[in-house]
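Could you walk me through this structure in my viewer, one selection at a time? I am new to it and would like to know what to click on next.

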Amino acid sequence: MLAPAKINIVLAVGPRRADGFHELATVFQAVSLYDEVEAVPGEGVEVVVEGPYAAGVPTDDANLAVRAVHALAAHVGVTPGVRLRVHKEIPVAAGLAGGSADAAGALLACNRLWGTDLSVTELQSVGASLGSDVPFALSGGTALGTGRGEQLRELSVGAPLHWVVAVSDHSLSTPAVFGHLDDLRQGRAVASPSVPTAVLEALTHGDLDAIADGMHNDMQEAASSLTPELADVLSAGREIGALGGIVSGSGPTCVFLARNRAHCVSLATELDRSGLCRAVHAVYGPATPRG
Ligand code: C5P
């Protein structure tokens, strides 16, 4: 399975709920940067992690793909037997939901290997217990996410979107960024989150300038305060002519909207030359899990 990374075109964060999660309203888009997850018959559950971002990924029960396999086996009542190979092209702790992509890839691959034949909707209900981004990772495309991000409504987008994905030398822990956001907000009233209708209309019409105007991330201030280098990356993207640029999810990856594929490749080349990023990718969305 090829399991895509996600970016957030809009990420509005509401107050912290009683269960510790924050109420979100977000536009997710899956993009063409993929981890590969392969499942072959095996004894028990084993995982091998390889590729450019394998370092530091756990291979025990802390691995989200391994947890996904156990959750699926428990749900369908089988004894799990599988050897997983995860090839990581999606950076870790980067705001791109790479762990969720691996969990989604493992669910889809084992559902096929074991012939359990669950629908994507059923897999999404299994996936929701693993992480807020896992349900979206199973369907991909472009979607409005609410609740803690697990309630999804598919969105149609009038044009393919070309994104420069600027990978940072740093990583950020999602709970730490949410926690810092709460600290920054102390004493302020926090409205319930929503995605402006203008952004949804811009997406429907594929109106790139209006999409760029609507790009927004409530976590950006907290992520940038924890990783001050992000301000330089964001200004570099603006200076070289990206239509818009924001931090993706809880960061520290930044994403920039380009006018078309050629513009995207030229922005990526220029940003790479700046030396501000660990890696720079020219990708497009929407993408879907496949294979
Ligand atoms: O759901 P997931 O495992 O990705 O969440 C990781 C952590 O991020 C949660 O334990 C929580 O601290 C924070 N989070 C949050 N609100 C969300 C999603 C995640 O506070 N909507």
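Here is a short tour of a pocket, a ligand and a cavity in this predicted model.

**Stop 1: the largest pocket.** Begin by selecting Ala97, Ser100, Asp133, Thr174 and Pro175, which are the closest to the centre of the largest pocket among the 43 residues that line it. The space in this pocket comes to about 1000 Å³. Now colour strand 1 (2-16), strand 2 (22-40), helix 1 (64-76), helix 2 (98-113) and helix 5 (174-185): these are the elements that give two or more residues to the pocket lining. If you colour by residue class, the lining shows 20 nonpolar, 17 polar and six charged residues.

Stop 2: The elements that give two or more residues to the shell around it are strand 2 and helix 5. Helix 5 provides the largest share of that shell, with three residues.

To see the whole shell, select Gly20, Phe21, His22, Leu24, Gly131, Ser132, Arg148, Thr174, Pro175 and Phe178. By class, this shell has four nonpolar, five polar and one charged residues.

- His22: an N or O atom in its side chain is 2.7 Å from an oxygen atom of the ligand.
- Ser132: a polar atom of its side chain lies 2.6 Å from an oxygen atom of the ligand.
- Arg148: here a polar backbone atom is 3.1 Å from a nitrogen atom of the ligand.

How much of the ligand does the protein bury? On its own the ligand exposes 450 Å², and the protein buries 74% of that.

**Stop 3: the largest cavity.** About 30 Å³ of space lies inside, and the count of cavities of 30 Å³ or more comes to one. Strand 7 (161-167) and helix 9 (230-239) each supply at least two residues of this lining. Which classes of residue line this cavity? Eight are nonpolar, one is polar and none is charged.

Conventions: Residues are numbered from 1 along each chain as its sequence is written. This is a predicted model: local features need pLDDT of at least 70, side-chain atom pairs count only at pLDDT 80 or more; totals for chains, interfaces and linings use all residues. Side-chain values use heavy atoms; hydrogens and water are left out. On a 1 Å grid over the protein atoms alone, a cavity is a set of points where a 1.4 Å probe fits but cannot get out, and a pocket is an open set with protein on both sides within 12 Å along at least five of seven lines; lining residues have an atom within 4 Å of a point. Grid points are joined across faces, edges and corners, and a volume is the space filled by probe spheres set on the points. Helices (H or I, at least four residues) and strands (E, at least two) are DSSP runs, numbered from the N terminus. Ala, Val, Leu, Ile, Met, Phe, Trp, Tyr, Cys and Pro count as nonpolar, Asp, Glu, Lys and Arg as charged, and the others, Gly among them, as polar. A residue is near a molecule or strand if one of its heavy atoms lies within 4 Å of it. A polar contact is a pair of N or O atoms within 3.5 Å; within protein, one must be able to donate a hydrogen and the other to accept it, and residues adjacent in sequence count only if both atoms are side-chain atoms. Accessible areas come from the Shrake-Rupley method with a 1.4 Å probe; for residues, only the protein chains shown count as cover.
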